[in-house]
Amino acid sequence: MTMRLSNLSSAAYLLLFTVVTHGITQSVSSATTTQQYPKRHPQQCLSLGFDTPNLSCDTCTTILPTHPQLSLFVDDCLSCCQEWRINPYLNPIQTIKYQHAKLKYMTGMLENDLRDFAEQDIENIRNAKGNDVLTVEQVELDANMREAIMYGFASPDNIEPTSLYLYKQNEKEADKVIDLRGWKRDDLKDMLMTLLTNQA
């Protein structure tokens, strides 16, 4: 499922229907997408009609070549989509796999859903995919910054967000980094079970 239709605006639903039924296959490179469209917070995207964890960028990029008058809508779509997710209607056999993933977060700064994921789902994923496939890195938050956030002098947005690092091979530099602010536990679990190779 690439998008939750119940969370789409009527315009978004119409465009998805047009893309799927007409079999449009043109696309814009993902590198260009990353450079030109900084990502919005998932809550902002939801208010625009996009379900970020389930929206693939290839769905957005099929619209522009044949519907240039909708460029502003496409800009919003590209600022909310997930490059890792593949639209099965457009790319039925294309799935990028990763050998390793790392969850990195500031101690004490996990959102509720991500805290549940860290406490309850990581071991299940390791059991299914392999013990070394998913690691966790906790970073201690500077004491002064923690106090400033506690008393409202600084925003949690000022610190490094909880992120997922994906590696095609066990290398030092990640092939993809995903900002997990606003993500739901089930969406993160679904992504990792889809993208990580079986090493168990």
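Select Cys 57 and Cys 81: a disulfide joins them, with an S to S distance of 1.9 Å. The term disulfide is used here for a pair of cysteine sulfur atoms within 2.5 Å. A disulfide is a covalent bond between the sulfur atoms of two cysteines. The structure is a predicted model, in which local features need pLDDT of at least 70 and side-chain atom pairs count only at pLDDT 80 or more, while totals for chains, interfaces and linings use all residues. Residues are numbered from 1 along each chain as its sequence is written, and side-chain values use heavy atoms, with hydrogens and water left out.

**The disulfides**

Remain with Cys 57 and Cys 81. The torsion about their S-S bond is about 85°, so this disulfide is right-handed. The pair links distant parts of the chain, 24 residues apart: Cys 57 is in helix H4 (residues 57–61), and Cys 81 is in the loop between H5 and E1. Helices (H or I, at least four residues) and strands (E, at least two) are DSSP runs, numbered from the N terminus. Both Cys 57 and Cys 81 are buried; buried means under 20% relative accessible area, exposed over 50%, and partly exposed in between, with a 1.4 Å probe and protein chains only.

Next, select Cys 60 and Cys 77, which are joined by a disulfide with an S to S distance of 1.9 Å. The torsion about this S-S bond is about -70°, so the disulfide is left-handed. Cys 60 lies in helix H4 and Cys 77 in helix H5, so the pair ties together parts that are 17 residues apart in sequence.

Then select Cys 45 and Cys 80, whose disulfide has an S to S distance of 2.1 Å. Its torsion is about -95°, so this disulfide is left-handed. Cys 45 lies in helix H3 (residues 42–48) and Cys 80 in the loop between helix H5 (71–78) and E1, so parts 35 residues apart in sequence are tied together. Cys 45 has a relative accessible area of 0%, and Cys 80 has one of 1%.

A search of the whole structure finds three disulfides. Counting bonded cysteines along the chain, their pattern is 1-5, 2-6, 3-4.

**The sheet**

Now show the strands. Four of them form an open sheet in the order E2-E1-E3-E4, with mixed pairing; two strands pair if DSSP finds at least two bridges between them. Strand E2 (134–139) and strand E4 (176–179) are at the edges, each with a single partner strand, so one side of each has no neighbour in the sheet. Select E1 and E3: five bridges join these strands, which run antiparallel. Ala 101 has Leu 166, in E3, as its bridge partner.

**The nonpolar cores**

Select Leu 164, Leu 188 and Leu 192, which touch the most other members of the largest nonpolar core, a group of 22 residues. A nonpolar core is a set of buried Ala, Val, Leu, Ile, Met, Phe, Trp, Tyr and Cys residues joined through side-chain atoms within 4.5 Å. Among the elements that give two or more residues to this core are strand E1 (100–106), strand E3 (163–167) and helix H9 (185–195). H9 gives the most, with four residues.

Finally, centre the view on Leu 188. Leaving out residues up to four places away in sequence, Leu 188 touches Leu 114, Phe 117, Leu 164, Leu 180 and Trp 183, where contact means heavy atoms within 4.5 Å. A second, separate core has 13 residues, including Cys 45, Ile 63, Val 74 and Cys 77.
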